[in-house]
Structures are given as structure tokens and as C-alpha cells.
Amino acid sequence: MSEKPNQQNPKKGEPWKPKEKFDKKANKEKQKLEQEQTKTEAKQESKQEESNKIKQESNQTIQQQNIKQVQQQKKEEQPIVDKQNIVQKNEQKEQNKRQDFLSHLPIFQDYTSESIKSVKQIDPQTLHHSFVELCIQYQNGQCIGSTHRCVEFLNALKQFIKDYKLSRQSNYFAIAFVDELKKIFNLMKNFRTVNEGMSTSYLFINECLMILRRDTKLDENESKIWLCNQIDQFIQSKIISASELIIKNATQLIQEGTTILVYARSYLIENFIINYFKQGKQLTIFVVDNPQFGEGSQLVKRLQQQGISCYQILLSHVSYILSKVDKILVGASSMLCNGALVSRVGTALLACLASTHKIPFLVFCESYKFSEKSQIDSLSWNEIAQLQQVNENQQYTSLSLRYDITQSNYINMIVTEVGLIPATSVKAVIGEFKKYNYVDAIEVPRKDQ
Amino acid sequence: MNSQIAQPRLYSSKESILALKAHLSAKQAKLPRNSTIEDYIIYIKKLSNRLKQGPLDFWIPNVFRRVIQVIRLMSSEQGLLQIKNKENNFKDLAHTIQRQSSRSKTTVETGTETGSNEIQQNIILPAIEQVLEELESHSDDINTFASTHFFTNEVLLVYEYSTTVLNFLLSAKKTRNFEIIVLESETETLGKQFATDLGKHQLNVTLTPFTNAYAIMQRVNKTLLGVDAILKNGGLLMHPGTYAICVLAKQFAVPVIVLSGAHKLTPKYAFDQTTFNELVSPLKINSNSSVDQMSIGITFDYVPPEYISLYITNQGQYTPQSIYQLFSDFYDVKDEDI
């Protein structure tokens with residue numbers, strides 16, 4: 001299982017240099033591991049000396065007791081060594097942290113398919129190959145955008161459920177899988193921050209497992225199939241039909257011939273524009289690009305493939321065309337309880353400019369991305385994007401964030417599948433959804449007998 | 001070469017004025033033998049129009065304007081130029097009277113009979129020298145205000161590369177410590193250069209892309225900006241993105257301090273982004289852009305005066321509302337047609 005991604009990597013035609021880099025990284029990690037091992041060995045030796053002393057002392061007493069004692073000591077030794085390992089790993093983590101005002105934010109290491117196995121939370125034997133692939137895609141930016149990430153996560157989870165085999169000790173799939181799911185969810189936190197859509201789907205699957213546990217008549221295979229179906233249904237109802245509804249809502253909202261400005265790349269907005277043009281209506285589109293992530297150019301290319309022409313502009317040049325823009329549309333990573341929007345970095349700047357120019361600022365967001373968290377500023381929680389290699393001679397620190405928080409007073413409207421709502425009523429919508437286990441009421445499976 | 005990239009505006013001003021000096025002292029000027037000061041002024045204006053590179057080149061005309069103004073002042077000191085519009089030029093008049101009274105009466109007052117060579121030697125060349133000196137020393141003059149604007153452990157935001165801002169920060173570093181956040185422009189990589197230059201002097205520097213401006217603005221205490229041109233209404237022209245930063249700063253109630261040599265004073269008015277602007281090549285914005293991709297890129301951002309807290313120039317500190325006073329001291333209204 002674990003070798004599969006390794007074989008796949010060269011197939012994708014990766015250039016020679018990155019491979020070398022990976023090798024170097026792997027080497028470095030090997031060296032670190034070796035160092036750790038030697039350290040722990042040395043400590044083990046000292047421990048053994050101590051235990052020897054104790055042995056000598058105990059030799060004076062009865063031999064039978066002695067054997068028992070040694071056995072106990074051996075049992076005690078191992079956890080101590082483990083603790084030392086953990087302490088060392090913590091030290092390493094602290095070295096990775098920033099020294100400045102953002103020292104509270106985690107830095108995500110670059111993992112290769114090999115080095116993923118060294119992550120604390122995972123047992124290499126049980127790690128499913130679909131998660132290894134997913135994690136690497138998360139890291140190298142192949143899998144970007146909250147919707148995409150959530151869907152890919154659910155697909156990987158489905159793969160995992162299909163290949164999952166119950167161990168002999170546990171009889172019930174639902175009970176055993178809850179722990180497994182928790183492990184996986186914790187594992188995902190090592191590569192990118194878990195976005196709101198992912199945690200909603202995690203809550204939903206947990207809810208499904210609760211139902212399964214109550215209704216234990218289903219056997220292993222049946223419950224797997226049921227769970228996979230539930231996940232499919234989640235994707236269908238919360239992501240696919242939701243986006244269709246949002247597009248429908250937005251099409252009614254935006255009149256023909258308006259000039260819209262969109263930022264970065266949102267699947268919702270992309271589909272909305274394509275759908276709008278398919279109906280034979282016209283829009284003037286300005287796509288604002290950010291060179292760091294290059295999502296704007298991706299959107300422009302995608303639209304050009306569909307035969308839609310649009311203007312491309314950088315965020316810093318946006319002042320020039322602001323007076324010509326009628327509406328600004330952005331996608332969301334999540335909407336917070338206090339009405340704040342979490343989205344691609346730069347959105348807040350755009351929202352601020354829009355409010356000074358009195359341009360309506362609309363957010364497109366499916367309701368499964370609504371969150372019960374609330375946040376006021378962009379620095380207390382964020383994710384650091386490591387897009388550039390840091391030189392050792394560099395005399396300054398570089399900082400690049402992935403998200404920023406747009407305050408609710410800059411947002412004029414949220415377009416969701418439940419309707420057009422103001423930013424401050426996110427909390428009300430969440431309250432409604434909580435009554436129905438985050439999705440429509442889950443159908444309890446009955447075994448046909 | 002490096003300084004040429006880093007300070008293109010100052011470089012072009014300096015180069016043009018050195019060219020003027022060389023041109024006049026090499027006697028290549030096509031002037032009549034007994035030319036007056038007025039003839040010289042007209043000639044310099046003509047030269048300026050010839051050297052000017054397009055309607056968006058403010059810096060060469062600015063420096064020539066200044067030369068003419070210094071020539072006017074000097075000649076009126078020496079009584080060579082008759083002041084025609086006395087009512088329009090109260091300041092000049094006051095200046096002249098003051099100087100004349102302090103001057104000994106033995107000054108040669110030959111009036112229009114003075115030969116062109118003497119005019120050149122006594123007035124034109126010294127005037128050029130004075131302007132050159134102003135250009136050279138503008139940074140030092142601005143730096144005298146450095147210690148009065150920051151407190152210890154303050155966080156300052158700077159954008160793009162500006163030698164004036166660099167010198168200002170380095171001179172402020174002598175008395176207190178502070179943290180600097182450098183915003184990197186999206187099109188040019190001079191931000192990196194700026195961060196490196198600041199980092200060399202043991203300053204605490206963080207380099208961050210332009211898109212992060214909103215996120216970090218809440219940490220910033222003051223914003224320092226260099227400038228391309230200060231306009232007569234108190235607004236300014238600067239690298240694209242400055243407008244967004246100034247709007248943000250106003251939202252967060254962060255003061256915006258603009259540092260500039262007085263040679264950036266441009267006696268023109270702008271009202272929106274389109275008054276003085278130029279679209280740049282799409283390749284400059286996106287090197288991978290194809291022919292059918294319509295990219296828009298601009299040269300300047302106009303920032304209205306209400307977003308600026310203070311101008312610090314080598315001629316003193318001014319608010320946007322009072323900077324017109326500096327204009328009337330620095331240039332003559334008659335020369336605004338250059």
C-alpha cells in the first residue's frame with residue numbers, strides 16, 4: 001500500500017531537481033532520526049546501568065523476585081524512552097516556529113510520500129494510500145480551494161472506508177471506525193489547516209456513525225455501503241445542488257450588462273459566469289489576480305476555454321477600474337458566526353476599497369461552510385503559506401498568509417442556497433441547520449428482513 | 001547602475017541638470033551675444049521641453065522650473081531683473097528689498113548692459129550649482145525630522161523602494177528601535193531589495209506581499225511613503241497600490257507620512273486615477289500572458305489629499321492643505337507652462 005505513491009511520483013514526470021531536493025530532505029530527516037536514535041540509545045544504556053545496579057542489589061535477595069523486578073523495569077523503561085522522543089519532537093517543532101509576532105501560527109512541513117510516515121499520529125501500516133496522495137496534493141498546491149479540498153477529502157475517505165477491514169477484536173464497524181476517523185482527521189491537521197467544510201463533513205459522518213451504532217443490525221459490508229452512500233448524499237445535497245441553487249439565485253440577482261469584478265478563483269463564481277453566458281446574457285468581467293497563488297490567471301484561462309473574454313488586473317492596480325465596477329463577487333473559505341468572511345488573502349483589502357467606493361460586495365458561499373467560530377482580526381488565526389525558499393543569508397523575515405478576515409460591515413450580502421442573507425444572519429442559519437444534523441434529516445437504515 | 005535603478009527620478013533630475021550645466025558652460029547655447037536674463041530663461045524653458053520625455057515626465061521640468069526660479073531670485077538680488085508684476089510677487093519684492101538693504105551699495109548695478117558671459121558666470125551657473133546642491137542634500141535635510149516622529153518599538157509600514165525613506169529610517173535608528181514591515185509590490189521586486197538594505201543595518205524587517213496589507217495593517221502604527229510627484233492640490237502620484245494602502249491606513253486610523261525632496265513638487269492638478277496615467281505592457285504584469293489575454297496595468301496611483309497626514313520635505317513639514325505655500329516659494333507661477 002505504502003509503495004504505491006512512490007511509484008506514481010516518477011510517472012507524473014517530475015523534473016530531476018525537485019526529486020533531488022526531496023532526496024535531500026529525506027536524507028536530512030534520516031540524519032535527524034539517526035541522531036535521535038543514538039541519543040535514545042545512550043539514554044537507554046544509562047538506564048540499563050542503573051537497572052544493573054538494581055539487579056546487583058536485588059541479587060542479594062531472592063532470585064524469583066529479581067526476575068519479576070527486571071521484567072517490571074523493562075516495562076517501565078519503554079514508556080520513558082517514548083516520552084523522551086516526544087520531548088525531542090516538540091523541540092523540533094519549536095525550532096520551526098516563527099520568532100516574531102506570528103509565533104502562535106503553525107508552520108507546515110513539506111512532506112514527501114516517504115516522510116509522511118514519520119508523522120506522529122500515524123501508524124504506517126494502517127495509513128491508506130489515498131490519504132498520502134491527498135496530503136501531497138494539499139501541500140504542493142494541486143488541491144487548492146475549500147470546496148475542492150473538501151470533496152477530495154470525502155472521496156479519499158470513501159476509498160478508505162471501502163478498503164477498511166475490521167480487526168478481529170472488534171465486532172462493530174461503527175464503533176471501530178469512530179476512532180479511525182478521529183485519527184485521520186487529526187492527521188489532516190498536519191498538512192494544511194482543516195477548513196470549515198471539512199469539519200462540517202466530519203461532524204456529519206460522526207453523526208452517521210452514531211446512528212449506525214444505535215442500529216447495530218447492519219453488518220460490516222452493509223454499514224460501509226450505507227456510509228459511502230451518506231457521503232455521496234452529503235456531496236450531492238450540500239455541495240452540488242447547493243451550488244446550483246446559488247447560481248440560480250445569483251442569476252436572478254445580477255442583471256444583464258453589469259460590470260462585475262471577481263477576485264482569485266472560486267468554483268461557485270466560475271460556474272456562475274459560465275452558466276450566465278450559456279443563457280446568452282453578457283457581462284463585463286474584471287478578474288483580479290494575485291501573483292502569489294496565480295488563481296486569477298487560472299480563472300481567466302478557464303473562462304477563455306469557454307469562449308468568455310474578461311479583463312485581467314492585479315490587486316494593486318484595481319484603483320484604476322474601481323469607478324467602472326457595478327458589483328464585486330467573491331467566494332468564501334468559510335463564513336464565521338460574527339458575520340466575518342474568511343477568504344483568500346487580499347479579499348479584505350478589496351472589500352475595504354469597495355466600501356469606500358460604495359460598490360456592492362457580494363459573497364457566494366454554500367451553507368456547509370458556515371462556522372460557529374468567530375474572529376475579529378486576521379492575525380490571531382491564519383495559515384502561513386511557504387511559497388518561497390528562505391535563504392540562509394537573508395537578513396529579513398518574509399511573511400505570506402493564506403487567508404484574511406473581512407469584517408461584516410464591508411459585506412453587503414451573502415448569496416447562499418437558503419437565499420440572499422445579510423452577513424450577520426450566519427448564526428441564525430447555523431442554528432437552523434443544527435436542528436437537522438447539518439444536512440437534511442438522516443434516514444435511519446433498516447435492515448430488510 | 002544600482003543607484004540608477006533605485007532612484008530613477010532623482011537620477012533623471014540630476015542628469016538633466018548636469019547636462020544643462022555642461023551645455024551652457026561649453027558655450028553651445030545658441031544665444032545672441034548680448035542676451036539678457038529673460039533670454040536665458042526662455043532658452044532654458046525650450047531646453048526643458050526638448051529633454052522632457054512625454055507628458056508624464058514631471059521631474060525634468062520640475063528641476064528646470066526650480067533653476068529658473070533660482071535664477072530669478074538671484075538676479076533680482078543683484079538688481080538685474082526688473083520686477084514687473086510687483087503685486088503678484090510680494091514675496092520676491094520683500095526678499096529683494098531686504099537683501100538690497102543689507103547689501104553694500106558698492107554692488108555693481110550695470111543693468112541690461114551686462115554681457116551674457118557675466119550673466120552666465122554670476123547668475124546662471126551659480127543658480128544651477130545651488131539647485132544641484134539642493135538635490136544632493138535633500139535627504140539630509142529630511143533626516144533632521146527623523147527623530148521627532150517615532151516612538152520606541154513602533155511598527156512602521158513602507159511600500160516599494162525609496163532611498164529617501166531608507167535614509168530616514170536609518171537616521172531614526174540612531175536614537176530608537178522599531179520594527180519595519182516592507183510591502184512588496186506585485187509587479188516589481190524592489191521590495192526585496194529594500195528589505196535587504198534595511199536588514200543590513202540590524203533593523204527588524206518583515207517582507208510581505210501586497211495582498212497581505214489588510215491583515216498586517218492592524219499591527220502598523222505609521223505608514224511611510226516615498227513619492228513620485230506631489231501635486232498642487234496636496235494629492236500625490238506614486239506606484240500603483242499606494243491608493244489601496246492609504247485607504248486601508250485611513251480605515252485603521254494609521255497616519256500616512258510622505259517623505260520627499262522638494263524637487264518632486266509638480267504644479268499640476270489631478271482629480272482621479274485617469275488624469276495622469278499610462279497603461280503598461282501586459283508582459284510587465286504577467287510574463288506568461290498570451291495575446292488574447294486582456295491585462296490592464298497602470299503606472300501611477302493618484303492618492304487624494306484627504307488620505308495623507310503629513311508631507312516631510314527638505315523645505316520643511318507641510319500638511320496637504322498647506323503645501324501650496326511651498327509651491328509658491330519654490331517655483332514661479334509664470335513657469336507652470338513648462
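Analyst: Two strands count as paired if DSSP finds at least two bridges between them. Keep that in mind for what follows. The model is a predicted one.

Start inside chain B. Strand S5 (residues 229–231) and strand S6 (residues 236–238) of chain B are joined by two bridges and run antiparallel. Within this pair, B:Ala229 sits opposite B:Leu237 of S6(B).

Now widen the view. S5 and S6 of chain B belong to an open sheet of four strands, in the order S8-S5-S6-S10, with mixed pairing. At its edges stand strand S8 (265–266) and strand S10 (301–303) of chain B; each has a single partner strand, so one side of each is left without a neighbour in the sheet. Helix H10 (residues 242–251) of chain B lies across S6 and S10 of chain B, at about 30 degrees to S10(B).

Next, go to the place where the chains meet. There, 37 residues of chain A contact 39 residues of chain B. On the chain A side, helix H10 (295–305), strand S3 (311–314), helix H11 (347–356) and strand S8 (397–398) each supply at least two residues. H11(A) gives the most, with five residues. By type, the chain A side holds 18 nonpolar, 16 polar and three charged residues.

Strand pairing crosses between the chains too. S3(A) and strand S9 (residues 294–296) of chain B run parallel, joined by three bridges. In this pair, A:Ile313 faces B:Ile296 of S9(B).

Methods
Residues are numbered from 1 along each chain as its sequence is written. Chains are lettered from A and ligands numbered from 1 in the order in which they are written. This is a predicted model: local features need pLDDT of at least 70, side-chain atom pairs count only at pLDDT 80 or more; totals for chains, interfaces and linings use all residues. Two residues are in contact if their C-beta atoms, placed from the backbone, lie within 7 Å. Ala, Val, Leu, Ile, Met, Phe, Trp, Tyr, Cys and Pro count as nonpolar, Asp, Glu, Lys and Arg as charged, and the others, Gly among them, as polar. Axes are lines fitted to C-alpha atoms, for helices over the stretch in contact, and angles run from 0 to 180 degrees between N-to-C directions.
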